[in-house]
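Subject: Structure handover

Hello,

Here is the structure you asked about. Please open it first, then read the notes below.

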Amino acid sequence: MSLAESLEDIVGREGLEESAHFPGLPVVAPADDESARELFLFAQAESKSLRLFGRGSKLGWSPTPKQIDFALSTHRLQGVIEFEAEDGTLTARAGSTMGSLRDLVAERGLELSPDVPRPHGATLGGVLAAGASGPDRLRHGPGRLHILGTRALLPGGEITKSGGRLVKNVTGYDLHRLYAGSHGSLALVLEASLRLFNAPRERCALRFERECLDEALGLAEKISNMTLAPRTLTLFHSGSESSWSVDVGLAGLGAELERKRGRLAQFARPDERLDGAAALTRSEELRDREPHAGSSAVLHLASLPSRLADACEALLASFEGRALGKITIQPGVALADLALAPNGGTTEDLARRLQAARTALTPLGARLSLRGAPRLAPNAQNDCIGGPALALMKRLKEAYDPTRILASNGPVGAH
């Protein structure tokens, strides 16, 4: 019996698929927890390795593993299990899209965090596994802080619970936060409970145009020092135009929001102002401007806030002369994403520039990773993690997945 036939016996014909993300490999999409568990047990018994994913929007965030026998998608594990609007909590299955969950809670005046780009193409489990965030990280912090609990399937077939469905939950270890950013190398999250937030009643979006990056970063620093508590603060460059835009999202009630606008107007006149529904639409447009690793290679920079300007300067200098696409910078959390044009140079040139950039960024305490570039060797695609952090990751991988059935090429999952 072929591998595909064995998998079809477990998930049925409707659960055996093909995916452009994994050409030539069988892809299974279990419809329930028991089918997923049987797939894990089959992989253990037959010494097969599987790759976990949702809809594939974050696969480019980590290198392709060296060995994959089949892939498992969670996109059929959809649905809301519990939504307590009064308590501000939501529990949903891993394959539910962030967009569908966001729309559901918005009907009750609530919002979901993280507000990730292109939410209707991103699953709850995939966002959690990738440790993804959005522009709202400035206001709410990283998404892992809002995970109240999970049900997860371990490589050995055990289904475990961590945390709970209440905001005030103090029992057990926060293993659910360990899964955030693990890229599917430790367990398959089956469902997750999230803390919700009250959506702002009034919004305002302001845009300021600046000629160069230094001016844009300078304005962003002034705004940050004004204690305005902006919801979002994003710098954007289209890659073709010469100027930068500084976009500020504000929220508040009546006089409070007007005071914030007035304080900004004292030293900078906005080039555009939007209020109410138009401001919400603009915030969604800005969120989705973030370069997408599924359509191009993307440089992802994480810096110390105090060294962000130096880190951006060093990174741009290393790629001077290579065609760059869209650039977004979130100065409040010191993150930046730069899209590389497809015809911007050879693979060898890209690897050389990456090494030069990392050499310049290391003394600044910054890290650089390359997303969506499968042609590159894994050690070139992702910045290396060493020392105690790598040792701890290896111990976690050994404890969770000693037989290495969960294929991953990150620091804890290399085959």
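Two strands pair if DSSP finds at least two bridges between them. Helices (H or I, at least four residues) and strands (E, at least two) are DSSP runs, numbered from the N terminus.

Two notes on the source. This is a predicted model, in which local features need pLDDT of at least 70 and side-chain atom pairs count only at pLDDT 80 or more, while totals for chains, interfaces and linings use all residues. Residues are numbered from 1 along each chain as its sequence is written, and side-chain values use heavy atoms, with hydrogens and water left out.

The whole chain

The protein chain has 13 helices and 19 strands. Its radius of gyration is 22 Å, close to the 22 Å that the globule rule gives for 415 residues, so the chain is as compact as a globular protein of that length. (The radius is taken over C-alpha atoms; the rule is 2.2 Å times the number of residues to the power 0.38.) Along the principal axes, the C-alpha atoms of the protein chain fill a box of roughly 70 × 55 × 40 Å.

The four-stranded sheet

Four strands make an open sheet with mixed pairing, in the order E1-E2-E4-E3. Strand E1 (16–17) and strand E3 (50–53) are at the edges with a single partner strand each, so one side of each has no neighbour in the sheet. E1 pairs with strand E2 (residues 27–28) in the antiparallel sense, over two bridges. Leu16 has Val28 in E2 as its bridge partner. Helix H2 packs on this sheet and touches E2, E3 and strand E4 (70–73). The direction of H2 makes about 160° with that of E4. Contact here means heavy atoms within 4.5 Å. Axes are lines fitted to C-alpha atoms, for helices over the stretch in contact, and angles run from 0 to 180 degrees between N-to-C directions.

Two helix pairs

Two packed helices are described by the angle between their axes and the distance between the axes.

Take helix H1 (residues 3–11) and helix H2 (residues 33–46). Their axes come within 9 Å and cross at roughly 150°. That makes H1 roughly antiparallel to H2. (Angles under 35 degrees count as roughly parallel, over 145 as roughly antiparallel, 65 to 115 as roughly perpendicular and the rest as oblique.) The crossing of H1 and H2 is right-handed. (A crossing is left-handed if the near helix is turned anticlockwise from the far one by less than a right angle, and right-handed if clockwise.) On the H1 side, the residues are Leu3, Ser6, Leu7, Ile10 and Val11. They meet Ser35, Glu38, Leu39 and Phe42 in H2. By class, this contact of H1 with H2 has six nonpolar, two polar and one charged residues. (Ala, Val, Leu, Ile, Met, Phe, Trp, Tyr, Cys and Pro count as nonpolar, Asp, Glu, Lys and Arg as charged, and the others, Gly among them, as polar.)

Now helix H10 (residues 308–318) and helix H11 (residues 347–361). Their axes come within 9 Å and cross at roughly 155°. H10 is therefore roughly antiparallel to H11. H10 passes H11 in a right-handed crossing. H10 brings Ala311, Ala314, Leu315 and Ser318 to the contact, and H11 brings Arg353, Ala356, Ala357, Ala360 and Leu361. The contact of H10 with H11 counts seven nonpolar, one polar and one charged residues.

The eight-stranded sheet

Eight strands form an open, antiparallel sheet in the order E15-E12-E14-E13-E17-E18-E16-E19. At its edges, strand E15 (272–275) and strand E19 (367–371) each pair on one side only. The twist averages 15° from one strand to the next. Strand E16 (residues 297–302) and strand E18 (residues 335–340) run antiparallel, joined by six bridges. Ala302 has Leu335 in E18 as its bridge partner. Helix H7 (residues 213–224) packs on this sheet, and its direction makes about 175° with that of strand E13 (232–237).

A hairpin and a loop

Strand E8 (residues 147–153) and strand E9 (residues 159–163) run antiparallel, with five bridges. They form a hairpin with five residues between them. Gly157, in the turn, has a positive phi of about 100°.

Most residues other than glycine have a negative phi, and most peptide bonds are trans. Which bond joins Ser113 and Pro114? A cis peptide bond, with omega about 10°. Pro114 sits in the loop between strand E7 (110–111) and helix H4 (124–130). Arg118 lies in the loop between E7 and H4. Arg118 has a positive phi of about 50°, although it is not a glycine.

Best wishes
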